[in-house]
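My entries follow in the order in which I made them.

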Amino acid sequence: MAFDAIRKSQARVVQLLENSVKKGRLSHAYLFEGAIGAKQYETALYFAQMLLCQSDDKPCLTCHNCKRILHLTHPNVYVVEPIKTSIRKQQIVDLQIEFSKTSIEPGKKIYIIKDIDKIQVGAANSLLKFLEEPHDNIVGILTTTNRNAILPTIISRSQIVSFASLSSTVVEQDLIDVGYEKYKARILSHLTSSVNEAEEIASIDGFEEIIDFVPDMYDAILDETKSALMVFHDQGDFIVFDNVLSKLFMQCMILLQKDILHYFDGDMTHLVYEQHLDLISNLSQQKPKNRRIEELEHMLDVSSRLDRYINQRLAYDNLLYELERSE
Ligand SMILES: [Zn+2]
């Protein structure tokens, strides 16, 4: 697991947790909240390791306890996660039964409830009783990516720990670490701030075609002997009327369009399609910056209405016509 990424991207959270462990000021329940991909659950496991690690430098990640927590085989760490889309009452009852037993191993007992926003009302009532009768030896960690959907009574009984959204650099590096080529990792990291979601996007049938099709389209826009409209009609058929692919296509077009604007500003560090530097440079010479901004606005508009168009093809034709128009 990418604990380095947690330490890097959630440095403030890690510091807060480390301090409370060092000073022995632990809350009975924590609510780890933040955007999708901010690693709330991974941090919950990391926190459990801090609490149960046997070495001086906690968590060492290598001792018997740290390893068992990572593999979810430590008897003092209990994880509850939604079954299908909800956390049911029986799961909370099971948790309470488990935690009322005398522990076999010394140290804190920790329960982690993943996606607490998905808890059913009956289950929430059982949990509230649990939260109202705190036990010194028990620490609860509730995680969520949707704080607004959580009952106020649960929020008021927890210490809220807010997670920063993962930066695209961290997501990009995480994807490279699990084997993605750099240019794909870079594009994916700009489509989502979640590594899991990025992997889902990468697995969409048509993803690879689209990320390569977008620079081809811009090539045709640049090349006066080619017609982007024709290229799209010939090769873009798989995109039209498929809402997932359409959205992806527009997102990638927007990324490349923004690259042109970055280029105008001399900002090379934020280029996404950086392997197409020549293309981007030529596009920046083809039309003035304000035209590129207008085009970007048109793209954002098309992108926001994709699923509402009666004639999606017409919307694409209009957009490509504007992109090809010289003045
Ligand atoms: Zn350890």
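At what angle do helix α15 (residues 289–305) and helix α16 (residues 312–324) pack, and how far apart are their axes? I found an angle of about 170° and axes 10 Å apart. I took helices as DSSP runs of H or I with at least four residues and strands as runs of E with at least two, numbered from the N terminus. Axes are lines fitted to C-alpha atoms, for helices over the stretch in contact, and angles run from 0 to 180 degrees between N-to-C directions. α15 is therefore roughly antiparallel to α16; angles over 145 degrees count as such, those under 35 as roughly parallel, 65 to 115 as roughly perpendicular and the rest as oblique. On the α15 side I listed E295, H298, M299 and V302, which meet A315, L319, E322 and L323 of α16. Contact here requires C-beta atoms, placed from the backbone, within 7 Å.

A note on provenance: this is a predicted model, in which local features need pLDDT of at least 70, side-chain atom pairs count only at pLDDT 80 or more, and totals for chains, interfaces and linings use all residues. Residues are numbered from 1 along each chain as its sequence is written.

Next I checked the pair α2 (residues 11–22) and α3. Their axes come within 10 Å and cross at roughly 25°, so the two helices are roughly parallel to each other. V13, L17, E18 and V21 of α2 make the contact with T43, F47, M50 and L51 of α3.

I then took α3 by itself. Ten of the 13 residues are buried, among them T43, F47 and L51. Buried means 20 or more other C-beta atoms within 10 Å of the residue's own, exposed 12 or fewer, and partly exposed in between, with C-beta atoms placed from the backbone.

Where does L166 sit? I located L166 in the loop between β5 (159–162) and α8 (168–177). L166 counts as buried because it has 25 C-beta neighbours inside 10 Å. Leaving out residues up to four places away in sequence, L166 touches S9, G37, A38, V171 and S193. From L166 to K22 I noted 144 residues in sequence and 26 Å in space, C-alpha to C-alpha.

Last, the domains. The chain is divided into domain 1 (3–165) and domain 2 (204–324), with bounds from an automatic or database domain assignment. Their centres, taken over C-alpha atoms, are 44 Å apart.

Note on methods: Contact = placed C-beta atoms within 7 Å.
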